[in-house]
Amino acid sequence: MDKKIGFIGCGNMAKAMIGGLIKKDFIHSSSIYASNPSLESLDEVKSSFGVHITQNNLVIAKECDIIFLSVKPYMYEKIIAQIKDEIKENVVIVMIAAGQKINQNEKRFNRKIKIARAMPNTPAFVGEAMTAICLNDMITNEEKNELKTIFECFGKLEFIEEKLMDVVTGVSGSSPAYAYMFIEALADAAVLHGMPRKQAYIFASQSVLGAAKMVLETNMHPGELKDAVCSPGGTTIEAVASLESSGFRHAVIEAVSTCVEKSKIL
Ligand SMILES: NC(=O)C1=CN([C@@H]2O[C@H](COP(=O)(O)OP(=O)(O)OC[C@H]3O[C@@H](n4cnc5c(N)ncnc54)[C@H](OP(=O)(O)O)[C@@H]3O)[C@@H](O)[C@H]2O)C=CC1
Ligand SMILES: O=C(O)[C@@H]1CCC=N1
């Protein structure tokens with residue numbers, strides 16, 4: 001790709017995407033720029049991936065053709081005010097913040113601007129992100145394809161209607177955190193029963209990875225896959241019954257709903 005990609009804000013999500021892009025070898029590190037106030041994460045991406053770093057957001061504004069706004073949602077207004085008169089004519093702005101709507105941010109630029117709203121997740125770092133994206137009508141088909149290629153460098157991508165973006169935050173943007181909690185709990189239980197901790201994380205995480213791949217690759221219903229693990233009168237159904245009596249599914253549904261509601265008000 002011959003375009004320059006910039007990240008304003010070089011925190012957890014930006015670092016995951018930069019890592020995913022570089023590992024895929026899709027774009028040379030000299031075409032990636034990152035800005036951040038503190039040097040710690042900038043030094044990290046420079047030493048790991050060799051990208052350009054700066055503490056000045058205007059360098060990104062002036063240099064880059066595709067700019068990810070990878071700062072917290074409440075900072076959007078301030079950052080857009082800072083960069084809007086310095087960005088290139090045909091720049092594509094990619095908003096990844098939870099809750100930030102396209103039309104609300106279009107107004108902040110005071111001119112027609114190409115905006116994509118995306119919700120990725122941190123498994124981008126290992127090429128396994130799930131990203132949803134929606135675009136405003138200024139983005140051309142060619143640019144749409146470029147964005148598709150960029151996001152597919154580090155995982156799966158689906159184009160969706162903007163009204164579903166808060167749901168996406170709950171089901172995929174934030175859900176790696178819930179999955180890590182599940183893995184941690186599985187491993188704690190294994191440790192409780194005598195397994196060394198390091199080994200417990202391998203057993204727990206490979207099992208979750210394998211189960212996820214089964215759902216994605218067999219197209220079977222998760223319930224059917226669960227049933228195939230539950231031998232009659234066996235061990236698994238004991239665990240399943242215990243999870244049901246602890247309200248496992250209800251707890252997950254409530255958690256995701258809380259997340260979706262929070263995304264709506266950010
Ligand atoms: N983390 C995730 O899993 C996901 C996050 N997102 C979205 O990505 C965005 C970033 O989240 P996340 O990476 O977790 O947050 P982080 O806090 O890790 O990163 C935000 C970064 O923005 C930097 N920053 C603060 N002020 C400025 C400024 N004026 N100019 C440039 N950069 C600045 C911060 O620097 P410093 O630390 O020096 O203050 C920090 O490195 C959020 O909007 C979030 O909704 C979307 C999907 C998933
Ligand atoms: O916690 C957050 O607000 C961000 C959005 C999705 C994942 N992390």
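**Exercise 1.** Determine the handedness of the crossing of helix 8 and helix 9, and classify their relative orientation.

*Solution.* In this predicted model, helix 8 passes helix 9 in a right-handed crossing. The axes of helix 8 (residues 175-192) and helix 9 (residues 197-218) cross at roughly 135 degrees and come within 8 Å. Angles over 145 degrees count as roughly antiparallel and 65 to 115 as roughly perpendicular; helix 8 and helix 9 are therefore oblique to each other. Helix 8 contributes Ala179, Phe182, Ile183, Leu186, Ala187, Ala190 and Val191 to the contact, and helix 9 contributes Arg197, Ala200, Tyr201, Phe203, Ala204, Ser205 and Val208. By class, the residues of this contact comprise 12 nonpolar, one polar and one charged.

**Exercise 2.** Apply the analysis to helix 7 and helix 12: what is the angle at which they pack, and which residues make the contact?

*Solution.* Helix 7 (residues 165-173) packs with helix 12 (residues 248-265) at about 140 degrees, the axes being 8 Å apart. That angle makes helix 7 oblique to helix 12. Their crossing is right-handed. Asp166, Val167, Thr169, Gly170 and Val171 of helix 7 meet Val256, Cys259, Val260, Ser263 and Lys264 of helix 12. The residues of this contact divide into five nonpolar, three polar and two charged.

**Exercise 3.** Which residues surround ligand 2, and how are they divided by class?

*Solution.* The residues around ligand 2 are Ala98, Thr169, Gly173 and Ser174. The shell has one nonpolar and three polar residues, and no charged ones. Thr169 also takes part in the contact of helix 7 with helix 12.

Note on methods. Residues are numbered from 1 along each chain as its sequence is written. Chains are lettered from A and ligands numbered from 1 in the order in which they are written. This is a predicted model: local features need pLDDT of at least 70, side-chain atom pairs count only at pLDDT 80 or more; totals for chains, interfaces and linings use all residues. A residue is near a molecule or strand if its C-beta atom, placed from the backbone, lies within 6 Å of it. Ala, Val, Leu, Ile, Met, Phe, Trp, Tyr, Cys and Pro count as nonpolar, Asp, Glu, Lys and Arg as charged, and the others, Gly among them, as polar. Axes are lines fitted to C-alpha atoms, for helices over the stretch in contact, and angles run from 0 to 180 degrees between N-to-C directions. Helices (H or I, at least four residues) and strands (E, at least two) are DSSP runs, numbered from the N terminus. Angles under 35 degrees count as roughly parallel, over 145 as roughly antiparallel, 65 to 115 as roughly perpendicular and the rest as oblique. A crossing is left-handed if the near helix is turned anticlockwise from the far one by less than a right angle, and right-handed if clockwise. Two residues are in contact if their C-beta atoms, placed from the backbone, lie within 7 Å.
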